[in-house]
Amino acid sequence: MNDLTPDRDDRTAKLKGIGCARKRVEDARFTQGKGNYVDDIKLPGMLFGDFVRSPYAHARVKSIDTSAALALDGVVAVLTARDLEPLGLHWMPTLAGDKQMVLADGKVLFQGQEVAFVVARDRYVAADAVELVAVEYEELPVLTNPFEAMQSDIVLREDLTPGTDGAHGPRRHHNHIFLWEEGDRTATEQVIASADVVAEEMVYYHRTHPCPLETCGCVASMDKVNGKLTVYGTFQAPHVVRTVASLLSGIEERNIRIVSPDIGGGFGNKVGVYPGYVCSIVASIVTGVPVKWVEDRMDNLMATAFARDYWMKGRIAATKEGRITGLWCHVTADHGAFDACADPTRFPAGFFHICTGSYDIPVAYVGVDGVYTNKAPGGVAYRCSFRVTEAAYFIERMIEVLAIELNMDAAELRRINFIRADQFPYHSALGWEYDSGDYHTAWDKALKAVDYAGLRREQAERLAAFKRGETRKLIGIGLTHFTEIVGAGPVKNCDILGMGMFDSCEIRIHPTGSAIARLGTISQGQGHATTFAQILASEIGIPADSITIEEGDTDTAPYGLGTYGSRSTPVAGAATAMAGRKIRAKAQMIAAYLLEVHDDDVEFDIDRFTVKGAPERFKTMAEIAYAAYNQAIPGIEPGLEAVSYYDPPNMTYPFGAYICVMEIDVDTGETQIRQFYALDDCGTRINPMVIEGQVHGGLTEALAIAMGQEIAYDEMGNMKTATLMDFFMPTAWETPHYTTDHTETPSPHHPIGAKGVGESPNVGGVPAFSNAVHDALRPFGLRHTHMPHDHWRIWKAAHDLGLHG
């Protein structure tokens with residue numbers, strides 16, 4: 001090594017680029033209580049808003065008397081649909097192309113629906129005034145079952161003309177929203193009709209809720225002098241909110257500033273536009289002062305966007321040897337009172353047609369019926385990419401059911417049906433092009449890591465002991481191999497409200513060699529300030545510690561489609577890398593000029609450009625940055641800046657192999673997670689430490705969903721799980737130890753080969769936990785039982801199988 005050349009390993013370590021387990025830079029202020037959340041924002045003269053909410057799931061609003069509330073000292077205004085109607089704001093468009101009431105217009109359609117908005121000088125006065133608004137209701141029959149809704153004479157959406165088409169085509173019933181289909185139905189049904197073996201099952205993925213630590217809220221401030229509206233809010237897609245706010249209010253988009261400060265978790269819950277945002281904006285315009293709205297926990301669980309609620313009827317066909325020949329699925333999707341799902345326009349059921357999973361299935365069909373019911377609207381991608389979790393749960397349960405039908409080991413059934421490594425890029429029967437994968441290697445590594453053969457022997461020994469009366473605990477081995485689709489997405493087939501789902505990055509290198517990068521995404525705990533700086537460090541040769549990442553302010557960030565569905569790294573990460581390469585290309589020309597050689601005679605080396613064949617002659621990126629601002633270089637503009645808008649050619653397909661070992665006490669229904677092994681392949685790994693944290697968090701959410709978390713209603717539409725006393729949130733006591741592992745199969749079309757990982761543990765974790773429960777009880781005839789698998793339901797399943805007494 002030349003004495004003039006510093007050690008490359010030392011320079012690489014100083015850079016802290018891709019692959020470095022760099023500590024999260026965000027944590028220093030969060031752990032010291034220095035975060036800046038919406039409820040921390042205090043503006044001069046600020047008022048506070050709160051909602052009057054319906055106690056009924058379905059009722060006509062006969063009258064609203066606001067006089068007593070207005071008489072309360074400190075109350076400034078009470079808004080109703082009648083006040084918003086002249087402004088055309090009593091209804092608003094949803095992200096799914098439907099429309100939704102901002103405030104109840106004639107009737108309410110779910111418990112907790114917003115009826116009136118109280119504005120007061122004090123938050124507690126506003127809450128008191130809510131109790132003084134007198135609303136006369138006329139109760140109407142309630143429909144909470146989507147199958148009953150499709151048979152009922154009761155018309156839920158009276159605003160929709162019977163017989164007219166919806167946003168996604170013909171509606172075949174007044175409570176029907178759409179029928180969406182993919183695949184070859186005729187060919188699939190023919191294959192199933194002639195198959196050696198067919199397994200059939202109804203798989204229900206229950207309604208649940210993202211329940212972020214921070215609830216939704218905003219502060220709207222209308223500056224009437226300058227005509228500028230500023231809104232601080234819990235927005236996962238700030239630019240989209242700005243566009244929607246402009247369309248609703250009529251204010252030019254240039255005069256609207258949306259700011260997403262620190263966000264205490266999103267998980268899809270903060271993608272959509274809620275009535276609280278609209279009412280706060282209207283109230284600020286009317287009063288001329290800032291108005292803050294922050295919901296409480298019960299409001300969040302009752303009225304903001306739910307997740308799941310998919311009834312999935314499946315048929316899977318195979319040969320006697322276990323080779324899958326076809327998959328058929330029909331979904332009845334409960335969308336609640338309004339179709340407010342945050343899905344790309346072209347895909348009203350999201351990416352559910354990834355339901356062929358990791359398997360080489362030659363022919364498949366899926367149809368999804370969307371249905372209105374008297375429940376809260378939403379259908380968000382709760383720690384998944386647009387219904388991928390439902391799809392993964394469906395296929396992994398169907399594989400288990402097929403294994404029972406074949407009397408075959410479920411691990412081997414998966415192995416013989418995996419897409420082979422030499423089949424990539426793989427075109428699925430439902431239209432997706434999987435970018436890359438090596439499923440067999442990952443599966444073999446996972447089975448070996450847990451000693452799968454040994455676990456099966458132990459399970460058999462425990463079963464024998466159980467039958468002899470020596471123990472009341474059984475062992476279940478939950479297997480899952482999932483393939484996810486993330487990185488929405490290509491503008492050619494992914495948009496929200498007509499806006500293509502590209503993303504962006506703008507980089508400015510300062511004269512002294514530090515940098516700032518602004519992106520169209522917004523972190524909700526994913527560590528963007530850490531990992532995006534690492535991508536840039538590797539691309540432009542400036543240490544990650546010298547790079548600032550800025551997001552969430554539409555006045556400074558380039559237009560982007562936000563953060564959800566694990567799209568940050570696949571799309572915005574790619575935009576960051578591409579912008580960095582533009583910087584590097586210009587830096588190469590500057591370096592060549594400074595070194596007095598041709599552009600082609602210099603090459604990039606970690607943090608500098610060197611002359612080919614003479615590494616002792618170099619210019620560091622810091623030297624190049626300084627020269628960009630203080631030297632007149634012929635043919636090159638001063639400065640060192642770049643912007644990239646990245647439209648991916650395809651989505652990315654991370655995958656994983658998860659194995660859960662669970663013990664079940666049949667007499668109490670109690671469970672103990674003895675081991676959970678999670679192998680993820682997210683392509684190029686940017687920061688192993690951040691990845692591990694994301695996996696741990698997602699698995700804990702999966703544990704909650706599979707083992708107890710549920711949004712439940714009674715027959716009157718009353719929500720039974722509206723507080724954290726009833727809605728299961730795991731603590732450290734319930735959370736098991738997780739063993740994480742990985743393989744690395746880079747995406748061939750992504751600039752750095754990254755695929756994304758944030759959603760994967762929820763996608764793969766839920767079926768792994770569920771399959772463990774089913775596997776434990778399989779020897780006694782259990783084929784399938786619906787989630788969540790809380791102690792009562794497990795006890796009930798054991799009772800029904802005759803295992804008590």
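**Briefing on the predicted model**

F51 is buried, having a relative accessible area of 4%. This value, like the others below, comes from a predicted model.

**Aromatic pairs and a cluster**

- Across the whole structure, a search finds 35 aromatic pairs.
- Another edge-to-face pair consists of Y658 and F676, whose centres are 5.9 Å apart and whose planes make an angle of 70°.
- Y658 lies in strand β30 (residues 655–665) and F676 in strand β31 (residues 671–681), 18 residues apart.
- Y658 is buried, with a relative accessible area of 0%, and F676 likewise counts as buried at 0%.
- One aromatic cluster is formed by F51, F117, F235, Y274, Y277 and W293.

- D262 is located in the loop between β13 (256–259) and α9 (275–287).
- D262 counts as buried because its relative accessible area is 12%, below the cut-off of 20%.
- The side chain of D262 makes a polar contact of 2.6 Å with the side chain of R29.
- A polar atom of the D262 side chain also lies 2.7 Å from the backbone nitrogen of N36.
- Leaving aside residues up to four places away in sequence, D262 touches R29, F30, G35, N36, Y37 and E214.

**Helix α17**

- The buried residues of helix α17 (residues 621–630) include M621, I624, A625, A627 and A628.
- Viewed down the axis of α17, the buried residues fall within an arc of 165°, so they line one face of the helix.
- Among the elements that cover these buried residues are β23 (503–509), α15 (528–540) and α16 (568–595).

**The chain as a whole**

- The chain contains 20 helices and 32 strands.
- Its radius of gyration is 28 Å, close to the 28 Å given by the globule rule for 805 residues, so the chain is as compact as a globular protein of that length.
- Of the 805 residues, 63% count as buried.
- The chain exposes about 29100 Å², of which carbon and sulfur atoms supply 51%.

Terms used: Residues numbered from 1 in each chain as written. Predicted model: local features only at pLDDT ≥ 70, side-chain atom pairs only at ≥ 80, totals over all residues. Heavy atoms only, no water. Buried < 20%, exposed > 50% of the residue type's maximum accessible area, 1.4 Å probe, protein only. Helix = DSSP H or I, 4+ residues; strand = E, 2+ residues; numbered from the N terminus. Arc of directions from axis to C-beta. Contact = heavy atoms within 4.5 Å. Polar contact = N/O pair within 3.5 Å; in protein donor to acceptor, adjacent residues only side chain to side chain. Rg over C-alpha atoms; globule rule 2.2 N^0.38 Å. Areas by Shrake-Rupley, 256 points an atom, 1.4 Å probe, with all protein chains shown as cover. Phe/Tyr/Trp six-rings, centres within 6.5 Å; stacked < 30°, edge-to-face > 60°.
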